[in-house]
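Here's a quick tour for anyone meeting this structure for the first time. Have a look at it below, then read on.

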Amino acid sequence: MRRIAILTSGGDAPGMNAAIHAAVLTAKANGLQVIGVYKGYAGLIEGRLAEIRSKQVRGIVNQGGTILKTARCAAMKTEEGQKQAVKVLEAFGVDGLIVIGGDGSFKGAQILSHMGIPAIGLPGTIDNDLAYTEFTIGFDTAVNGVTDEIAKIRETMLSHERIGVIEVMGNKCGDIALHAGVAGEAEYILLPEVEFDVDAICESLQHRRIKGNMTSIIVISEGAGKGEALSNYIRAKTGFDVKAIVLGYVQRGGTPSAFDRYIATKMGTRAVHLLMDGVGGRVVGIRQNQIVDMDIDEALSMENQFDQQMYDEHSVIYNY
Ligand SMILES: Nc1ncnc2c1ncn2[C@@H]1O[C@H](COP(=O)(O)OP(=O)(O)OP(=O)(O)O)[C@@H](O)[C@H]1O
Ligand SMILES: O=P(O)(O)OC[C@H]1O[C@](O)(CO)[C@@H](O)[C@@H]1O
Ligand SMILES: [Mg+2]
């Protein structure tokens with residue numbers, strides 16, 4: 001192993017830079033050359049590769065986003081694009097590749113591994129939708145950000161006696177909604193993992209009003225439906241003043257939490273050690289507070305679990 005490459009792919013996630021920082025400096029400390037691939041698989045296919053120098057990664061641990069840029073790249077899903085990606089890696093003499101991204105990015109890494117490129121996946125996504133790891137890099141920061149936004153929105157909703165419907169990200173995974181909803185004392189949390197009855201929620205809102213609770217916060221995960229549509233339905237059914245808020249990209253940007261920086265650093269270091277040991281086709285994660293690595297095929301075949309117990313306990317407390 002002489003030369004490794006690193007890319008970030010899919011939605012950016014706070015902490016990606018900390019993973020890049022750790023991987024680059026660990027590789028350099030062990031005498032490896034490091035190539036940065038700019039703009040994910042799109043940049044890989046187009047040959048946007050350049051050596052990363054240590055000074056480029058100093059001071060980036062506290063920065064959100066990714067210094068390597070990122071992309072969603074349709075060409076990587078085609079055989080032609082995948083062959084071109086391998087060609088570029090071979091032309092640049094890359095002996096191992098670190099892919100920092102989410103479930104989609106990992107599928108690209110899996111294919112490259114099967115095509116003979118030793119690839120290691122690091123879970124960089126705010127969605128927390130990878131089953132093999134308890135936490136993905138960026139999730140903690142996103143949850144903290146959403147929790148803060150819920151508190152701000154509650155203040156104005158309370159002042160106006162309104163119902164706030166807050167739509168959050170997560171793709172098909174409700175983890176951001178569940179964690180931030182619980183932390184932010186949202187009265188209702190709607191997730192793609194659990195069916196819900198909107199009419200029952202309207203009744204429950206009416207009941208809360210009778211008891212004097214004029215304001216409620218509903219957190220809805222994007223995978224469970226659109227905040228605007230839900231808001232319109234509740235307004236029409238109850239006559240209450242309901243406002244929809246789509247939090248959007250504020251959830252992806254921002255200073256990474258210390259937790260995200262810490263796990264990203266440990267994961268970035270593990271990725272380099274795996275490649276130095278001649279190991280590819282694996283993903284790195286965290287389970288029971290330990291950094292673990294696992295076969296990429298096995299990891300991607302696992303079904304994502306969600307915290308049903310927490311959801312049930314929350315719905316009992318708030319009675320919906
Ligand atoms: N089946 C696949 N085969 C090859 N490459 C894929 C596949 N699925 C996704 N990719 C590549 O990975 C990129 C990122 O995937 P995706 O858009 O799903 O984001 P992600 O990595 O899951 O991150 P996030 O969900 O946090 O935005 C895709 O644009 C594509 O280039
Ligand atoms: O608009 P974009 O950049 O494609 O990203 C949207 C998607 O990416 C994610 O934010 C994850 O990065 C999902 O939660 C969301 O569905
Ligand atoms: Mg994804």
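Predicted model: local features only at pLDDT ≥ 70, side-chain atom pairs only at ≥ 80, totals over all residues.

## Confidence in the model

Across the protein chain the mean pLDDT is 98, with 100% of its residues at 70 or more. For the complex, the predictor gives an ipTM of 0.99 and a pTM of 0.98.

A bit of housekeeping: residues are numbered from 1 along each chain as its sequence is written, while chains are lettered from A and ligands numbered from 1 in the order in which they are written.

## Overall build

The protein chain has 12 helices and 11 strands. Both are DSSP runs numbered from the N terminus: helices are H or I with at least four residues, strands are E with at least two. The C-alpha trace spans about 70 × 40 × 35 Å along its principal axes.

How much of the protein chain is buried? Buried residues make up 53% of the 320 residues, where buried means under 20% relative accessible area, exposed means over 50%, and partly exposed is in between (1.4 Å probe, protein chains only). Now for contacts, meaning heavy atoms within 4.5 Å. Of those between residues at least 6 apart in sequence, 73% join residues at least 24 apart.

## Two residues to look up

Start with Glu193, in the loop between β7 (188–190) and α8 (198–210). Glu193 counts as partly exposed because its relative accessible area is 30%. Leaving aside residues up to four places away in sequence, Glu193 touches Lys172, Cys173, Gly174 and Phe306. Thr255 sits 62 residues from Glu193 along the chain, and their C-alpha atoms are 29 Å apart.

Next up is Ser204, which is found in helix α8. Is Ser204 buried or exposed? Its relative accessibility is 11%, so Ser204 counts as buried. Again not counting residues up to four places away in sequence, Ser204 touches Tyr188, Tyr318, Asn319 and Tyr320.

Notes:
Heavy atoms only, no water. pLDDT = per-residue confidence, 0-100.
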